[in-house]
Amino acid sequence: MIALRLIPTVLRQVIRHRTRTILTAAGVAVAMFLFITVQSLQHGVRQATEVTAGDTTLIVYRENRFCPATSRLPESYAPRIARLPGVASVTPMKVVVNNCRASLDVVTFRGVPADDVAPMAAKWRILAGSLEDWHKRSDSALIGQRMAERRRLTPGMSFDAAGVTVSVAGIIASDEPQDQNVAYVHLPFLQQATASGAGLGVVTQFNVRVDDPAKLRDTAAAIDELFRTDQDPTTTRPEKAFVAQVGADVVEIVGFARYLGWGCLAAVLALVANAIVLGVQDRVKEHAVLQTLGFRGGLIARMIIAEGIVLGVLGGVAGTAFAAAFLAWGRFSLSTEGLSIHVSPDVGTSLVGLAIAAGVGVVAGLVPAVQAGRREIAQSFRAV
Amino acid sequence: MTTNLLIQCRGLTKSYRKGDSTITPLQKLDLDVNAGDFLALMGPSGSGKTTLLNLIAGIDSPTGGELRIGGQDIAKLSRSRLADWRSDNVGYIFQLYNLVPVLTAYENVELPLLLHRMSRRDRHERVSTALQLVGIADRHDHYPRQLSGGQEQRVAIARAIVTDPRIIVADEPTGDLDASSAVAIMDLLTRLCEELGKTLVMVTHDARCADRARRTLHLEKGQLVEPGRLGLMEGAAA
């Protein structure tokens, strides 16, 4: 683009026009912060709702029910589902939430049979406490990392939510979004602890693992067919499709927020463009001097664009770093109906943000750069 | 004589439109300048001095006639080739110095060298030499706002000579300076011409500055005024 030996001159222009640079970069940073946050939300939605080729988990829910409080299925369905071809395992699960609406701080209890925890634990990392401690007490809970950090929970503590009091036995980390924001408790304990839970023998859902991802849809259809004429018919969906269905409102809102993200980018574009236009207007004479010294118009244009890129990247780095720090610190999870969508920064989003910030610098600088490059020297001197 | 000829203008004309009218600051001007010459251009405002200077410096293009410098018709060069030509052949000294305000004296002088392929060390050597030559080396890390007018003009002269150009053009180089600074700057320009053999074309309103030149030409209404006629005009004015 420009010779390496000219880069220090470009950087000096950026650094030594301090006020302009700070104001412009701060504006870009704020906009990039919003953009990265919105994009991270989108990323969280995609992670939680997009079915991938390797997914093997189905959720069996009560037909026409969309909230854990109203989905009630007999626990006795479990062995019948397990007998279907292609089913690897069935985990009956009772779900209790302290808030059925969308919120950033929902506590979700998942009651599971003690025997089913061992295979689930294969994909967890125990960060504190132990599985053994969980088995020792009937009111113990294994807490997802995000919930533990948000509520500052450590093993040995007890906490209360939705009328359920549990003792923390361990903190778990998992790559599965839905494991990070829950408290796993003993199924019978949860069935008895909640008044609205209809007592022992009733669960909210079954988590079914199939032995082959290709059989996901067929197995789901077979499960629903099995209970079609029962008193409690079912609707079975892949886990992520289930999240997308149950959290449709949130997904829609997050989808709308995408436009806000693009709005932020447009604001960045206008801001950087304005800063560059003003800078170029201010330096008409300076550019004429450079041309007099032998700088070609195209070179001056490229130097102006390079300034735009530096301004964009400076603000982009600051905004992205701030967003990453804020999201990492906040450990935000958007939860609805006991399902969580995590808002976490990822490298891909950050890199895209930085690339866009640099791109915005190019686009914003393009018109003033071309104008400056084409200006006649003598005319420029006459104009100032 | 012709072997030493550096600048040759034949029927040089410059005109441009301003609103509905056409302005012609230079009209069919003929001029020869030898290499190593120190030429002063004088004349009233609007007589075409700066226009002629800008044409010689290659920062403006004639609308008619021929302008050969070192045998090359620079009017026929494209914009980018003309920029390269300026970089190699011309050093320009402005009345108001026109230093880049966010760059130090050193960085201002270094600017023209950034267009040439040379090592950082060579650049440093040339910038240091130029700054020493104009007597401002001790102010190399000062910004223009930290320098006096005379010091700024010295930096501007160092910037003009750092690429070792064949021609130095100066547009009222002492116009914004006090008397003692003006004398010092004129001493410096005279040295450039006498000791380094530079060809110097200078526009000035100051007769004392013009006296330092080897040759003084007067322009009026875009044309050179013959010495005899000038004498008559001066007599009439007196």
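A:Ala275 is buried, because 24 other C-beta atoms lie within 10 Å; a residue counts as buried if 20 or more other C-beta atoms lie within 10 Å of its own, as exposed if 12 or fewer, and as partly exposed in between, with C-beta atoms placed from the backbone. The model is predicted, so that local features need pLDDT of at least 70 and side-chain atom pairs count only at pLDDT 80 or more, while totals for chains, interfaces and linings use all residues. Residues are numbered from 1 along each chain as its sequence is written, and chains are lettered from A and ligands numbered from 1 in the order in which they are written.

A:Ala275 belongs to helix H10 of chain A; helices (H or I, at least four residues) and strands (E, at least two) are DSSP runs, numbered from the N terminus. Apart from neighbours within four places in sequence, A:Ala275 is in contact with A:Arg20, A:Thr24 and A:Leu311, where contact requires the C-beta atoms of two residues, placed from the backbone, to lie within 7 Å. A:Ala161, 114 residues away along the chain, has its C-alpha atom 52 Å from that of A:Ala275.

H10(A) has 35 residues and spans 51 Å from its first C-alpha to its last, close to the 51 Å expected at 1.5 Å a residue; the expected span is 1.5 Å times one less than the number of residues. Buried positions of H10(A) include A:Val250, A:Val254, A:Cys264, A:Leu271, A:Gly279 and A:Val280. A:Arg258, also placed in helix H10 of chain A, is partly exposed, with 14 other C-beta atoms within 10 Å. Its contacts, leaving aside neighbours within four places in sequence, are A:Val38 and A:Gln42. A:Arg258 and A:Pro345 are 87 residues apart in sequence, with 16 Å between their C-alpha atoms.

Helix packing in chain A was examined next. Two packed helices are described by the angle between their axes and the distance between the axes. Here axes are lines fitted to C-alpha atoms, for helices over the stretch in contact, and angles run from 0 to 180 degrees between N-to-C directions. Helix H2 (residues 18-49) of chain A packs against H10(A) (residues 248-282) at an angle of about 160°, with the axes 9 Å apart. H2(A) and H10(A) are therefore roughly antiparallel to each other; angles under 35 degrees count as roughly parallel, over 145 as roughly antiparallel, 65 to 115 as roughly perpendicular and the rest as oblique. The residues of this contact comprise 19 nonpolar, seven polar and two charged. In this classification Ala, Val, Leu, Ile, Met, Phe, Trp, Tyr, Cys and Pro are nonpolar, Asp, Glu, Lys and Arg are charged, and the others, Gly among them, are polar.

Among the residues that make the contact are A:Leu265, A:Val268 and A:Ile276 of H10(A) and A:Ile356, A:Val360 and A:Pro368 of H13(A). By class, the contact of H10(A) with H13(A) has 15 nonpolar, two polar and no charged residues.

The axes of H2(A) and helix H12 (residues 297-330) of chain A come within 7 Å and cross at roughly 45°. H2(A) is therefore oblique to H12(A). The crossing of H2(A) and H12(A) is right-handed, and the contact divides into 14 nonpolar, ten polar and no charged residues.

The contact of chain A with chain B takes 19 residues from each of the two chains. On the side of chain B that touches chain A, helix H2 (residues 79-89) of chain B gives the most, with six residues. That side of chain B has ten nonpolar, four polar and five charged residues.

In chain B, nine of the nine residues of helix H1 (residues 49-57) are buried, so this helix is largely enclosed by the rest of the structure. The buried residues include B:Lys49, B:Thr50 and B:Asn54.

Most residues other than glycine have a negative phi. A:Asn64 has a positive phi, near 60°, and lies in the loop between strand E1 (57-62) and strand E2 (73-74) of chain A. A:Asn64 is exposed, with 9 other C-beta atoms within 10 Å. The phi of B:Lys221 is likewise positive, near 50°; B:Lys221 is in the loop between strand E9 (215-220) and strand E10 (223-225) of chain B and is partly exposed, with 14 other C-beta atoms within 10 Å.

Technical notes: Left-handed = near helix turned anticlockwise from the far one by under 90°.
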